[in-house]
Amino acid sequence: MGSPWKGFVEFTLPASPPTAFVSADLSSTSPVGLSLSPYGRSMSFDPGMLHSNGHTAYANGTGPGIRETGVVEKLLTSYGFIQCSERQARLFFHCSQYNGNLQELKIGDDVEFEVSSDRRTGKPIAVKLLKIKPEVLPEERISGQVGPDVHAYPFTVLHGYIHPVVSSIPVHLDGKSAPGQVPTGSVCYERNGEVFYLTYSPDDVEGNLHLDTGDKVSFYMDTNKHTGAVSARNIQLVKKKQMRCQGVVCATKEAFGFIERADVVKEIFFHYSEFKGDLEALQAGDDVEFTIKDRNGKEVATEVRLLPQGTVIFEDISIEQFEGTVVKVIPKVPTKNQNDPLPGRISSRIGFNDKELPFGEKDTKSKVTLLEGDHIQFNISTDRRDKLERATNIDIFPDTFDFTKETREMGVIAAIRDGFGFIKCVDRDARMFFHFSEVLEESQLHISDEVEFTVVPDMLSAQRNHAVRIKKLPKGSVSFHTQSEQRFMGVVEKEVVGTNTKNASPTKTKEKEAEEGVIAYEDCGVKLTVPYHNKDLEGGGYPQVGDKVEFSINEVKRTGLQSAVSIRVLNRNASNAKRLLGFVATLKDNFGFIETANHDQEIFFHYSEMCGDLENLELGDTVEYTLSKGKGNKVSAEKVTKVAAVNGISEDVGATVTMGKVIRPLRSVDPSQTEYQGLIEVTEEGAPKGQNYPFGIMGMSNKADCLQKGELVKFHVCTVAQTGQKMACNVVPQRRAMVECVKDQFGFITYEVGESKKLFFHVKEVQDGLELQTGDEVEFSVVLNQRTGKCSACNVRRVSEGPKLVATPRPDRLVNRLKSITLDDASAPRLVIVRQPRGPDNSKGFNLERKTRQPGVID
């Protein structure tokens with residue numbers, strides 16, 4: 001029988017390593033891994049020592065035996081131990097059995113020996129040792145690549161598929177593993193058209209680097225003397241695998257754009273042809289990923305793809321807020337040499353150190369102008385790329401005006417436009433322009449609101465100023481006048497001319513103001529004069545020349561002009577006419593009506609009989625007057641004077657809320673009726689049929705509300721003290737209707753008032769600052785403008801939201817037709833200009849000539 005071994009076993013590794021490997025006995029397999037002998041052969045032997053029948057046997061020290069190989073594992077003075085290469089065995093040997101210079105034998109040397117048995121113990125031992133010179137693998141560097149990324153186990157289930165162990169060392173196993181297990185990865189290389197795989201451990205990588213799957217490396221091959229396994233050692237990184245980078249599109253041009261990189265503070269160019277997606281959807285601010293390639297010596301982004309919004313994060317923002325002071329503000333008009341994107345500076349003490357942090361325009365919470373010295377709070381943003389810190393989310397503290405050196409002025413909102421407005425200043429003649437972005441509070445400003453502000457010059461025009469850092473003030477904070485506490489005594493030198501004109505009206509008083517009168521008085525021995533107006537009189541009647549009066553002096557802050565106010569006539573005998581109390585029920589253009597104290601009649605009065613300022617006269621105000629008869633014995637009120645408010649109807653008001661319906665409105669609503677009082681019929685179940693209660697202007701919860709016939713109301717029942725009559729009071733209408741439409745600053749409610757079937761309202765009358773939509777159900781009050789006779793809604797409150805409008809899709813026939821139409825189609829729709837548009841200044845609406853837009857071209 002021929003020898004089963006000759007020389008060495010030669011084999012080729014397949015692309016996927018087998019699940020078993022060849023052992024010394026070809027009939028057995030092992031699941032541990034593929035193992036080779038250190039010299040490319042599995043066993044060496046001496047053919048002359050074999051029996052003729054081919055069997056092997058251990059000779060007891062003298063007989064022929066099979067030669068094996070191993071490695072000196074332990075070496076003492078006279079004996080040692082050998083680890084067998086072909087099997088899991090550890091054999092004793094005596095130094096006398098070594099054939100050679102014992103001084104040259106060292107631990108780790110490869111030896112060849114025979115196996116015999118100890119005569120005393122019968123245990124196998126190694127005899128006839130011979131040192132073997134190892135076959136040295138070529139010391140050349142081999143180029144290879146780190147295999148695909150899996151765990152360091154013989155077989156790993158990854159995403160449901162079986163993968164062989166060809167991988168980089170996983171990051172979570174690098175440098176640590178389970179007890180008794182060394183984390184390993186694998187490298188592959190190609191030779192003669194075949195691919196081979198070698199394992200490696202972290203100690204085999206030079207420079208303590210972590211290798212990723214796909215990295216290009218170079219290495220030496222090494223053989224384990226114990227197991228014969230070939231592995232890679234002295235691995236050096238040649239080239240990192242090209243990684244995908246991330247960033248945010250920061251600019252888009254006609255055919256290219258730029259991406260702000262997330263790994264370094266740098267922008268990179270990309271052409272639209274490299275974008276893998278819908279180019280129409282790409283816009284500045286989109287998160288993308290890309291690969292960097294070198295073209296013509298410059299880095300460009302290729303294979304650009306969209307990422308979900310929010311994937312790319314450039315910075316980390318601190319949770320903690322800090323306080324600081326603005327030491328340098330951002331210039332409103334940047335200079336030509338300004339290249340710093342963060343020109344502002346904030347000084348703050350953080351921990352125990354003083355820090356100066358930069359900030360830019362987008363780092364403030366609002367657009368309110370910052371000034372040096374401002375006391376602010378902010379967060380710290382740290383750029384992940386270069387660790388640059390800056391201040392962000394900057395907000396001004398309310399007490400900042402105590403730290404700055406700015407001069408604050410006060411005024412009242414005089415006009416509001418779309419995005420801007422004007423302030424009537426206390427200390428300036430001209431109205432001051434302001435922009436809504438300069439309002440400190442988020443609450444919306446309205447006309448007549450009192451404000452505080454700082455005046456700064458306009459950067460674009462040095463001759464103009466504008467208001468910034470506007471702060472809303474409580475009502476009564478702003479006063480355009482100062483009134484002396486001291487009372488003066490004087491004599492009327494000149495009466496007011498035009499006091500008996502019968503066509504004066506509150507809305508035109510300032511335009512057609514009567515010529516002022518003059519009062520002479522002494523102050524510290526100096527004779528002085530001061531002008532006065534009838535609106536500043538107190539009590540009935542007008543002063544005449546020679547009348548002695550008492551008054552205070554009012555001075556306009558802006559101009560310093562003085563006038564007499566709170567004027568009382570002292571030396572005139574009081575009129576014998578009886579003074580009566582009443583309540584203002586109606587105000588027209590130049591006259592009005594007063595509800596009597598019994599709330600059952602109304603008395604006419606002309607504005608010329610009003611003593612005091614007509615501008616301050618409102619519905620429901622308590623007045624004092626004298627009755628007189630004019631032409632045709634018609635009764636009217638004279639010497640009408642506004643007095644302090646008294647109880648409207650009576651103190652005897654029931655606690656029960658009653659439901660009812662208006663069967664007759666007030667005469668101010670329906671002038672055709674003869675009765676002044678309105679009438680409410682009780683509609684509650686169980687109430688006597690036909691039970692009615694009258695009401696007057698003082699019975700209305702909202703004196704300006706315009707109650708129509710047929711409206712449902714709720715009210716209390718009270719008793720008039722003078723007459724004992726029961727009347728309705730605290731009357732509140734129960735109105736609900738739908739919003740018909742909403743324009744820019746106003747809208748209409750589907751509600752019938754008189755001849756009109758829709759009711760006007762202004763958006764500032766909507767409660768809670770809500771934005772109403774068409775179809776919303778609302779509750780509201782109806783206000784009658786006594787001077788114009790028109791009604792409008794106020795105190796509008798949304799009860800429920802209307803259905804959301806859903807865009808109706810175009811019919812398929814229309815879509816198909818539009819798709820088939822081209823610009824050259826003679827039957828296509830044409831736009832015919834009937835009338836050219838014109839602007840408010842009578843100029844043409846469009847200065848630029850219209851051109852046909854080319855598809856895919858952005859102007």
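This is a predicted model: local features need pLDDT of at least 70, side-chain atom pairs count only at pLDDT 80 or more; totals for chains, interfaces and linings use all residues.
Me: What makes up the secondary structure of the chain?
Reply: The chain has one helix and 52 strands. Of its 859 residues, 36% count as buried.

Me: How do you know what share of the contacts joins residues 24 or more positions apart?
Reply: Taking the contacts with a separation of 6 or more, 56% are between residues 24 or more positions apart. A contact here needs heavy atoms within 4.5 Å.

Me: Why is arginine 469 said to form a salt bridge with glutamate 406?
Reply: The N to O distance between the two side chains is 2.8 Å. The cut-off is 4 Å, from a side-chain nitrogen of Lys or Arg to a carboxyl oxygen of Asp or Glu, so the pair qualifies.

Me: What makes this pair a tie between parts of the chain?
Reply: Arginine 469 is in strand 30 (residues 465–472), while glutamate 406 is in the loop between strand 25 (389–396) and strand 26 (408–416). The parts tied together are therefore 63 residues apart in sequence.

Me: Are arginine 469 and glutamate 406 buried or exposed, and how do you know?
Reply: Buried means under 20% relative accessible area. Arginine 469 has 1%, so arginine 469 is buried. Glutamate 406 has 15%, so glutamate 406 is buried by that rule.

Me: Why is the contact of glutamate 801 with arginine 798 called a salt bridge?
Reply: Their closest N and O atoms are 3.8 Å apart, and the limit is 4 Å, so the pair counts as a salt bridge. Glutamate 801 has a relative accessible area of 48% and is therefore partly exposed.

Me: What makes proline 543 buried, and where is proline 543?
Reply: Its relative accessibility is 4%, under the 20% limit, so proline 543 counts as buried. Proline 543 is in the loop between strand 34 (526–532) and strand 35 (548–556).

Me: Why is lysine 387 called exposed, and what is its phi?
Reply: Exposed means over 50%, and lysine 387 has a relative accessible area of 60%, so the label applies. Its phi is near 65°, a positive value in a residue other than glycine. Lysine 387 sits in the loop between strand 24 (375–383) and strand 25.

Me: What makes cysteine 524 exposed, and where does cysteine 524 lie?
Reply: Cysteine 524 is at 77% relative accessibility, over the 50% limit, so cysteine 524 counts as exposed. Cysteine 524 lies in the loop between strand 33 (517–523) and strand 34. Its phi is positive, about 60°, although cysteine 524 is not a glycine.

Me: How many cavities are there, and what lines the largest cavity?
Reply: Five cavities of 30 Å³ or more are counted. The largest cavity holds about 90 Å³ of space. It is lined by 14 residues, of which Leu666, Ser668, Val669, Lys703 and Asp705 are the closest to its centre. The lining has ten nonpolar, two polar and two charged residues.

Notes: Residues are numbered from 1 along each chain as its sequence is written. Side-chain values use heavy atoms; hydrogens and water are left out. Helices (H or I, at least four residues) and strands (E, at least two) are DSSP runs, numbered from the N terminus. Buried means under 20% relative accessible area, exposed over 50%, partly exposed in between (1.4 Å probe, protein chains only). On a 1 Å grid over the protein atoms alone, a cavity is a set of points where a 1.4 Å probe fits but cannot get out, and a pocket is an open set with protein on both sides within 12 Å along at least five of seven lines; lining residues have an atom within 4 Å of a point. Grid points are joined across faces, edges and corners, and a volume is the space filled by probe spheres set on the points. Ala, Val, Leu, Ile, Met, Phe, Trp, Tyr, Cys and Pro count as nonpolar, Asp, Glu, Lys and Arg as charged, and the others, Gly among them, as polar.
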